[in-house]
Amino acid sequence: MKRSDDKAVRYPLYQPHLYNRQQALAEMTFRTAKRFLFPLLGLWVLLYGSFSLLKPPLLDDADSVYAEAAREMLLRHDWITPHLNGIRWLESPPLLCWSVAASFRLFGVSDWAARLPLALYALALFAVVFSLGRRFFDSSGNAPAAGFYAALALMTSYGIFLFAHILLPDLILSLWLTLGIACFWRSLREENPSLLTALGFSACCGLGVLTRGLIGIIFPAAIVLLFLFFTRNLRHLRRWHPVAGSLVFPAIVLPWNIAAGMANPAQGRPQGAAPTPGNVHGFWWVHVINEQFLRYLNRRVPHNYDSVPLLIFWALLFVWIVPWCAFSIRALVRASWREGFARRMLDRSGQARLLCVLWVLVVVVFFSFAPRQEYYLLPALPAMALLAGDWLAEDEAQASPQGRGTAWILFGICVLAAATALYFALTSAAPVPGIDIATMLDGNVHRYAVFFGHILDLTHRSMGEFHWPLGMTAAALLVGASANLWYRLRKNARLANCFLAGMIVTLLAAAHLALNTFSPVLSSEILAEAIKPEVGQSDIVVINGVYESGSALAFYLEHPVRVLNGRDGVLWYGSFFSDSPDVFDDQAAVAKLWDGPGRVFLLTAPDKLPGLPGTVYVIGRNGGKEIVSNEPNSGGANF
């Protein structure tokens with residue numbers, strides 16, 4: 001037989017038309033990656049992978065609390081039970097601590113190593129949103145642009161940018177929720193839903209639980225069930241490998257939970273919710289009952305947490321993704337999601353919009369009935385970005401009057417905001433080198449229900465410290481809004497969107513610069529680094545108040561601390577276990593230490609300095625806090 005070089009003869013399964021189609025698809029994918037993914041990657045490096053990893057220092061409270069828990073996890077070689085200041089911390093799921101601890105092991109303990117895991121989780125989130133945007137709206141013909149604009153809107157959202165640089169688990173939860181929805185959506189598009197998508201969804205739910213507790217499964221399950229109900233497709237659950245797929249969830253969730261339960265059993269005879277020394281509930285009660293169920297019902301002990309007012313919470317859903325939320329609203333206005341709620345037939349894009357609406361509603365409604373913080377909204381932002389991406393892609397393909405109307409509204413708002421920024425920049429005094437910004441703030445001391453409530457302390461005088469951020473803000477608003485309006489009036493939506501994105505990138509950089517200027521008020525890092533050469537291994541460091549009020553001091557000194565009149569907050573429940581170190585003092589105990597042979601450093605607010613025997617040496621003041629000692633400097637501290 002004569003040999004032939006024909007591929008169809010040598011390879012019977014080879015079909016030239018399929019090969020050519022796959023080759024064309026591969027080439028199109030590469031062009032899409034070059035056109036869209038490379039710019040997104042460059043923007044991620046600019047905003048998330050460079051200067052923002054280094055500054056500002058880790059803040060007091062949650063930021064340095066998670067970093068310190070990760071550092072002690074490495075120090076104790078205990079990856080099951082997180083500890084803070086040697087005390088068990090059973091309230092928080094472990095994934096964020098594990099991620100930061102792994103980064104510390106690879107790169108050493110530092111600010112940037114603490115923030116690097118969140119930056120990488122953010123990168124993964126943007127990639128998933130890009131891919132999901134393409135899959136959601138691939139029937140419209142603008143799929144690549146929809147994915148690009150969705151990822152761009154999320155990457156430049158204030159909520160994601162700000163909280164991707166503070167150690168909180170909500171951004172990671174947003175990744176698992178988005179990836180789980182992506183698995184679900186892919187299963188809907190398959191004639192026979194694959195086991196892989198079921199396993200992926202189940203794995204995302206498990207990782208969500210290890211990240212943020214039970215809402216890690218409540219959110220994706222509720223979104224999926226509501227969507228299938230409204231699209232009259234609940235039978236999909238039977239086809240989606242319910243038994244085999246669900247096995248991954250316990251395989252991910254149970255090992256750590258069982259190990260933590262065995263390592264932290266109940267002690268003594270606990271009565272009721274409040275513990276007493278040696279009589280405490282075990283891990284399951286603390287981690288699940290108290291921290292999740294009772295907290296949701298606003299009955300957690302101790303009741304030492306605030307809640308963002310409901311109207312502000314709802315408003316922040318849009319604030320965190322301004323100005324892209326304007327396009328999310330545009331997408332909702334013209335969408336046929338009302339038909340979806342009426343359980344009528346929807347096309348593929350209509351189903352995607354309905355899924356996004358349900359996604360947002362599940363998150364917002366769930367927290368509307370519980371104590372809430374503004375960063376709890378992060379899991380809803382990918383859906384808002386996807387809606388914005390859908391509208392922007394269609395508007396780019398065919399400019400609409402609504403786009404020009406939105407540009408006029410944004411122009412008016414931006415001009416007013418720019419005028420306000422210019423007013424403060426031009427009328428406030430020039431910054432004084434070396435001045436403590438805390439001395440120029442409103443002196444009212446109170447607890448903040450809003451995470452960034454400290455902004456209310458700013459005064460006209462203090463605005464002089466923010467000349468650069470204010471100038472950048474004014475210039476960005478005027479140039480960005482004007483160019484956006486100009487090009488939209490000329491039906492060039494792509495250039496208009498580019499200027500809008502450039503404006504927001506500049507605003508984010510200005511916000512980061514302002515936060516760094518304000519950071520001495522929010523962090524004890526400067527005081528810690530200044531006295532670090534002075535602090536010996538046997539010296540005593542005391543925080544006046546709850547541990548979180550000076551947790552950055554503990555992290556940067558890498559030294560155990562004692563707590564004056566502050567048996568509350570994150571250390572409270574764990575401090576009642578029998579193996580908890582005795583680190584809580586009253587004023588008499590600190591006075592005794594002060595008068596003893598060893599050196600004592602005390603972090604305190606100047607107006608809350610307790611009565612102490614002997615001489616009180618002020619070692620340094622910064623950010624409305626001061627370090628005092630019972631001995632003068634020996635030359636090590638540097639202020």
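User: What makes R300 count as buried or exposed?

Analyst: This is a predicted model, so keep in mind that the values are computed from it. The relative accessible area of R300 is 10%. Buried means under 20%, so R300 is buried.

User: And E291, buried or exposed, and how do you know?

Analyst: Apply the cut-off again: under 20% is buried. E291 has 15% relative accessibility, so E291 counts as buried too.

User: Why is the contact between R300 and E291 called a salt bridge?

Analyst: The closest N and O atoms of R300 and E291 are 3.1 Å apart. A salt bridge needs a side-chain nitrogen of Lys or Arg within 4 Å of a carboxyl oxygen of Asp or Glu, so this Arg and Glu qualify. The whole structure has 13 salt bridges.

User: What makes R488 and D395 a link between separate parts of the chain?

Analyst: Start with the distance: their closest N and O atoms are 2.5 Å apart, and the pair forms a salt bridge. R488 sits in helix α22 (residues 467–489) and D395 in helix α20 (residues 381–397), so the bridge ties together parts that are 93 residues apart in sequence. Both R488 and D395 are buried.

User: How do you know that R599 and E534 form a salt bridge, and where are they?

Analyst: The N to O distance is 2.6 Å, and the limit is 4 Å, so the side chains of R599 and E534 meet in a salt bridge. R599 is in the loop between α26 (587–594) and β6 (600–604), while E534 is in the loop between α24 (525–531) and β3 (540–544). That's 65 residues apart, so the pair links distant parts of the chain. R599 and E534 are both buried.

User: Zooming out, what does the radius of gyration of the protein chain agree with?

Analyst: For 639 residues, a compact globule would have a radius of gyration near 26 Å, and the protein chain has 27 Å, which agrees. Its C-alpha atoms fill a box of roughly 100 × 65 × 60 Å along the principal axes. The protein chain has 26 helices and 8 strands.

User: How much of the protein chain is buried, and how many of its contacts link residues 24 or more positions apart?

Analyst: Of the 639 residues, 54% count as buried. Among contacts with a separation of 6 or more, 73% are between residues 24 or more positions apart.

Technical notes
Residues numbered from 1 in each chain as written. Predicted model: local features only at pLDDT ≥ 70, side-chain atom pairs only at ≥ 80, totals over all residues. Heavy atoms only, no water. Helix = DSSP H or I, 4+ residues; strand = E, 2+ residues; numbered from the N terminus. Rg over C-alpha atoms; globule rule 2.2 N^0.38 Å. Buried < 20%, exposed > 50% of the residue type's maximum accessible area, 1.4 Å probe, protein only. Contact = heavy atoms within 4.5 Å.
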